Amino acid sequence: MQCTNKIKQLSLGLHNYHDVKAGFPAGSHYWWFKTEDGGTSQVRNDYYFSGLIQLFPFIELNARYDGIASLVLKSDELDHASAKAPCPWQGGGNAAWTRANYPIHGNIDALLCPSDTKADVAGATSNARTTYSMSRGDAITRDATSNKRGMFGYFNWQNMSSVTDGTSNTIAFSEAIAYNATKGVVKGWLVVADGANLKTTPLTTCGSIVLNTKDRKLYTGTATDQPRCSRFADTRCYMGFFNTVNQPNSPSCANTNTDGTATYGVWSASSNHSGGVNCGLVDGSVRFISDTVNNTTSGLSAAPQEVATGNSEFGVWGAYGTVDGGESTAL
């Protein structure tokens, strides 16, 4: 199956999900898991569990979904008070989570573009990488307000009526290549940028780390230990999301190598295809977006991404990311 067909299946899966649930899945929320002893106690996966998993029954991945669901005691979307629990791909006292047959592990063909080869993930296959990421729109921050700007956010459920820009003008999914551990030749490394300036001048601040203007995948600066897209179940921003700020195949930058409510960054779409990326729109169609798509901004005195609605500051590319910005997205 070609890359465009796989993205199309994800986009169509959104419609199937909406038909049943009367809404779209959130980017992620809390799930409670059984512990290795069989489930008498509970551990919480703290906001890291991907909305992609919720689509599995609607894209013919029922067996994988059932395997994961069998370990879930409850979905707790409102309780923010409990302490953080280990992630399901780590040990943390729950050795079953590290076993190869645990349903989190093992690559899923439907989530991998044929051009995204094993060499791109440098040994991360046991964590089940994904080529396809969910759109956070043009949101740079991860606060509760900016979650509403794109199709997928933490604890934010969109529906057809909330996509007022139109389903044919709003991106749901794009490619984002998993990291390459070869330092200097970067395919998806998250590079920490100047935190003081990234929030108000994201394009120039993130762009300043490009080493060669003819190859935007050659970066200067320091790569972090946060590998892009190497875990499909992980929806920290650098793993499972992209935003429509930097043009496709541009750097990914953040103010810190952690991922909390004080984190802001530019997580770029990327691919091994020449000249751009494939994007799945909310209407179920697939569009190839050039890596020269307009994302012009006059510079931000403050971050408009901290508001729930309104025009994007990032040109046509930013407009495609917002669900209700009211902008023209004509290419």
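Contact means heavy atoms within 4.5 Å. By that rule, and leaving aside neighbours within four places in sequence, phenylalanine 56 is in contact with Leu61, Asn62, Arg64, Tyr65, Ile68, Ile108, Leu111 and Phe232. This is a predicted model: local features need pLDDT of at least 70, side-chain atom pairs count only at pLDDT 80 or more, and totals for chains, interfaces and linings use all residues. Residues are numbered from 1 along each chain as its sequence is written, and side-chain values use heavy atoms, with hydrogens and water left out.

**Nonpolar core**
- A nonpolar core is a set of buried Ala, Val, Leu, Ile, Met, Phe, Trp, Tyr and Cys residues joined through side-chain atoms within 4.5 Å.
- Buried means under 20% relative accessible area, exposed over 50%, partly exposed in between (1.4 Å probe, protein chains only).
- The largest core has 37 residues. Phe56, Met151, Phe152, Phe173 and Phe232 have the most contacts inside it.

**Aromatic pairs**
- Rings of Phe, Tyr and Trp (its six-membered ring) pair if their centres lie within 6.5 Å; planes under 30 degrees apart count as stacked, over 60 as edge-to-face and the rest as tilted.
- The structure holds four such pairs.
- Phenylalanine 152 and phenylalanine 173 form a tilted pair, 5.5 Å centre to centre with 40° between the planes.
- Phenylalanine 152 is buried at 1% relative accessibility, and phenylalanine 173 is buried at 0%.
- Phenylalanine 242 and tryptophan 317 have ring planes at 25°, so this pair is stacked. Both residues are buried.
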